[in-house]
Amino acid sequence: MGTLRAMLVLGMLEAFGPLSMDLYLPQLPQLAASLGTTEALGQATMSACMIGLGLGQLVAGPLTDRFGRRRPLMIGVAAFAALSVLCALSPNIDLLLLARFLQGLAGSAGIVICLAVARDQFEGAELSRMLSLLFLVSGTAPIIAPVVGGQLARVMDWRGIFWVLGGVGVALLLVVVLALPETLDPQDRHAGGVRELVGHGGGVVRDRLFLAVLCAGAAGGVAFFTYLSMSPFVLQEEFGLTPQGFSLAFAAGALANIAGSQTSRLVVRRWGPLNVYLGGITATLLATAAFLAIALAGTGPAGVIAALAGFMLCAGVGGPNGQALALTHHRARAGTASALLGVATFLFGPVLAPVAAGIGGTNAITMALTMTTAAGIAATAA
């Protein structure tokens with residue numbers, strides 16, 4: 001599979017997470033109101049999906065090391081499409097939370113297998129460059145999704161958004177069937193079984209480099225999910241943005257994230273993945289500290305939006321290099337390594353961000369303080 005084809009196909013698959021979250025972000029306050037539930041439970045629909053995205057990778061990753069990349073991916077994408085329909089038909093918040101969790105479990109296959117396929121074909125600085133290129137495709141999802149979601153809010157409610165996600169799942173299934181070859185040779189697959197899976201996991205976690213990136217990724221996931229879950233309420237309810245205005249502000253952050261990833265691609269051959277990673281994660285901490293200072297000063301939405309865009313820019317510089325470093329020593333068990341990395345990134349944020357909102361309220365200061373604390377832990381681990 002050539003570089004251009006790999007970039008397009010894998011980028012679409014990596015967009016699973018952003019699409020699951022960002023398309024209905026502008027309607028998150030309206031979703032809570034229509035179901036007669038609280039803002040916290042409205043945010044929990046995102047948490048449920050993110051937890052599913054994390055835990056599902058523990059299953060999908062090792063399965064791909066045993067059965068190859070293609071079959072588990074097709075099953076996961078098909079299930080994602082079906083569960084999107086179930087979300088659209090949910091009559092209450094309880095069923096919606098369950099459906100979102102299951103939707104995340106299914107969507108996890110696209111995320112973990114995307115990284116495993118990239119590791120099958122690239123390594124070192126070239127793997128880092130490939131992961132940065134993926135942002136050109138997958139990074140458009142956070143730009144397009146909230147903008148499209150904001151416009152769709154003019155003609156449909158949040159249920160219609162999930163029908164759209166179901167259609168996206170069907171389209172991605174066709175992409176997998178028609179354009180993604182198997183990349184894990186049969187001789188490189190393990191026989192399966194609990195002992196084999198535990199052995200693969202043990203081999204991964206004994207790698208100190210992997211563990212360092214894993215800890216930093218877990219903390220970084222808390223910062224990112226806090227941004228993701230609180231920004232609709234902070235920007236719309238605290239600062240008065242419309243759903244369309246919020247979607248444009250969110251798209252600006254996603255565009256900054258792409259700019260960061262492409263900056264990484266341009267400099268990584270010269271400076272190396274480790275130096276670029278450390279620079280990006282340090283700059284991310286500085287960006288969140290700036291956001292905290294702006295929130296405490298009580299300035300208007302322009303400063304907050306600029307600080308959040310700076311956070312996304314710096315995160316884009318470090319992100320691809322962290323993934324490349326974590327997978328460096330694990331080609332034969334790339335699925336398992338990708339799964340553990342994904343669990344750390346997706347699991348802690350959905351749990352801790354709602355706790356922070358419950359303690360301090362959904363406001364700019366709570367959001368900034370949580371993000372800064374998490375970014376500080378990530379930088380320390382790195």
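L211 sits in helix α11, where helices (H or I, at least four residues) and strands (E, at least two) are DSSP runs, numbered from the N terminus. This is a predicted model, where local features need pLDDT of at least 70, side-chain atom pairs count only at pLDDT 80 or more, and totals for chains, interfaces and linings use all residues. Residues are numbered from 1 along each chain as its sequence is written, and side-chain values use heavy atoms, with hydrogens and water left out.

**Exercise 1. Describe α11 from end to end.**

Step 1: check the length. The expected span of a helix is 1.5 Å times one less than its number of residues. Helix α11 (residues 208-238) has 31 residues and reaches 43 Å between its first and last C-alpha, close to the expected 45 Å.

Step 2: check the ends. D207 caps the N-terminal end, with a side-chain oxygen 3.1 Å from the backbone nitrogen of L209. That's a polar contact (a pair of N or O atoms within 3.5 Å; within protein, one must be able to donate a hydrogen and the other to accept it, and residues adjacent in sequence count only if both atoms are side-chain atoms). After the helix comes G240, with a positive phi near 80°.

Step 3: look for a bend, meaning the angle between axes fitted to the seven residues ending at a residue and the seven starting there. α11 bends by about 50° at M230, and the proline P232 follows within four residues.

Step 4: judge the cover. α11 is mostly covered, with 22 of its 31 residues buried.

**Exercise 2. Does the length of α12 agree with expectation or disagree with it?**

Step 1: compare the spans. Helix α12 (residues 243-271) has 29 residues, so it should span 42 Å at 1.5 Å a residue; its end C-alpha atoms are 41 Å apart, which agrees.

Step 2: A kink of about 35° is centred on R265. At the start of α12, a side-chain oxygen of T242 comes to within 2.9 Å of the backbone nitrogen of G245. G272 follows α12 and has a positive phi near 90°.

**Exercise 3. Which residues of α13 are buried?**

Step 1: locate the helix. α13 (residues 273-297) has 25 residues and reaches 36 Å from first C-alpha to last, close to the 36 Å expected.

Step 2: name the buried ones. They are P273, V276, Y277, G280, I281, T284, A287, T288, F291, L292 and A295.

Step 3: step past the end. Just after α13, G298 takes a positive phi of about 70°.

**Exercise 4. Is L352 buried or partly exposed?**

Step 1: use the cut-offs. L352 has 41% relative accessibility, so it counts as partly exposed.

Step 2: find a partner. The C-alpha atoms of L352 and T226 are separated by 8.4 Å, although the two residues are 126 apart along the chain.

Key: Buried < 20%, exposed > 50% of the residue type's maximum accessible area, 1.4 Å probe, protein only.
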